[in-house]
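Here is a short briefing on one protein chain. Take a look at the sequence and the model, then read the points below.

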Amino acid sequence: MKKIHPVSDPEALPPAHPTAPLVPRGSSRSEHGDPTKESVTQPPLLDTPRRKKRGSCCCRCVCYTLLVIFLLIVIVGAAVGILYLVFRPKLPDYNIDRLLLTRFTFNQDSSLSTAFNVTITAKNPNEKIGIYYEDGSRISVLYMQTRLSNGSLPKFYQGHENTTIIFVEMTGYTRNATSLMATLQEQQRLTESIPLRIRVTQPVRIKLGKLKLMEVKFMVRCSVSVDSLAANNVIRVRSSNCKFRFRL
């Protein structure tokens, strides 16, 4: 038998080397193992830009709010200024003209019964403003801290540049008036006059042209000096000083 041994062919081409990379694309070679299995450490995300954004939004909201408030103040101020220039408002004037004491009785139970008739002159000096005197008024006569009589003003409308005379009836009842009577008599003996205070609280509504505004309260405070307090006697008013203010 003839044995045949393989012989290398001198004309055969050398073995071809692999042309494709052994490592997948997008990965890097590593001598310490498979790079696809290694964990990659990423730097921590910073919140600084987000905080700056929130802070800028808050500052922007505060600026817008202050701007709106400033514009409202400017608009209201301009409206008030225009109304003042158009209507030229003036405060009304009040005066106590006459004070009649129809009852001044010291009762057996040491109480005091009083009744006053008061004549008040109210002047509205405004050319374009009217005054509505509404219900719910209160007028009081006081000696020191003691309220002698109470009453109320009638409901009426006072037109432009108008003078109105108001008649008011008031009654009162004071308990334990012994010391009060002694003080009144001593006051009249020493000074020949008695200081009284008249307090008026009057709800009103102002009319500007054809516009009727919201209700406010007139507060009138008068200091009156009279010659005496005797029943069924016209009390002579020696001096009268009234102050006026209003509130919402």
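**Overview**

Of the 248 residues, 29% count as buried. Buried means under 20% relative accessible area, exposed means over 50%, and partly exposed lies in between (1.4 Å probe, protein chains only).

This is a predicted model: local features need pLDDT of at least 70, side-chain atom pairs count only at pLDDT 80 or more, and totals for chains, interfaces and linings use all residues. Residues are numbered from 1 along each chain as its sequence is written, and side-chain values use heavy atoms, with hydrogens and water left out.

**Cysteines**

- A search of the whole structure finds one disulfide, meaning a pair of cysteine sulfur atoms within 2.5 Å.
- The disulfide joins Cys222 to Cys242, with 2.1 Å from S to S.
- Cys222 sits in strand β9 (residues 211-226) and Cys242 in strand β11 (residues 237-247). The pair links distant parts of the chain, 20 residues apart.
- The torsion about the S-S bond of Cys222 and Cys242 is about 110°, so the disulfide is right-handed.
- Cys222 is buried, at 2% relative accessible area. Cys242 is partly exposed, at 22%.
- Cys61 is in no disulfide. The nearest cysteine sulfur, that of Cys58, is 6.5 Å away.
- Cys61 counts as partly exposed, with 48% relative accessibility.
- For Cys63, the closest cysteine sulfur is in Cys59, at 6.6 Å, which is too far for a bond.

**Aromatic rings**

- The structure holds four aromatic pairs. Rings of Phe, Tyr and Trp (its six-membered ring) pair if their centres lie within 6.5 Å; planes under 30 degrees apart count as stacked, over 60 as edge-to-face and the rest as tilted.
- One of the pairs is Tyr132 with Tyr157: the ring centres are 4.4 Å apart and the planes stand at 45°, so this pair is tilted.
- Tyr132 belongs to strand β3 (residues 129-133) and Tyr157 to strand β6 (residues 156-158). This pair links distant parts of the chain, 25 residues apart.
- Tyr132 is partly exposed, with a relative accessible area of 22%. Tyr157 is partly exposed at 36%.
- Phe218 and Phe244 make an edge-to-face pair, 4.6 Å centre to centre with 85° between the planes.
- Phe218 lies in strand β9 and Phe244 in strand β11, so the pair ties together parts 26 residues apart in sequence.
- Phe218 is buried, at 4% relative accessible area. Phe244 is buried, at 18%.
- Ring pairs link Tyr94, Phe218 and Phe244 into a cluster.

**A charge over a ring**

- Lys212 lies over the face of Tyr132, at 3.9 Å from the ring centre. The test asks for NZ of Lys or CZ of Arg within 6 Å of the ring centre and within 35 degrees of the ring normal.

**Nonpolar surface patch**

- Leu67, Val68, Phe70, Leu71, Leu72, Val74 and Ile75 form a nonpolar patch on the surface.
- Together these residues have about 660 Å² of accessible area, from the Shrake-Rupley method with a 1.4 Å probe; for residues, only the protein chains shown count as cover.
- Patches are made of residues with over 30% relative accessible area and no salt bridge; like charges are joined within 9 Å, nonpolar side chains (Val, Leu, Ile, Met, Phe, Trp, Tyr) within 5 Å. A salt bridge is a side-chain nitrogen of Lys or Arg within 4 Å of a carboxyl oxygen of Asp or Glu.
- Val74, one of the patch residues, is in helix α1 (residues 48-87). Val74 is partly exposed, at 42% relative accessibility.

**Backbone points to check**

- Most residues other than glycine have a negative phi.
- Met144 is not a glycine, yet has a positive phi of about 55°.
- Met144 is found in the loop between β4 (138-143) and β5 (146-151). Met144 counts as partly exposed, at 47% relative accessibility.
- Glu192 also has a positive phi, near 55°.
- Glu192 is in the loop between α2 (178-191) and β8 (194-208). Glu192 is exposed, with a relative accessible area of 53%.

Note on methods: Helix = DSSP H or I, 4+ residues; strand = E, 2+ residues; numbered from the N terminus.
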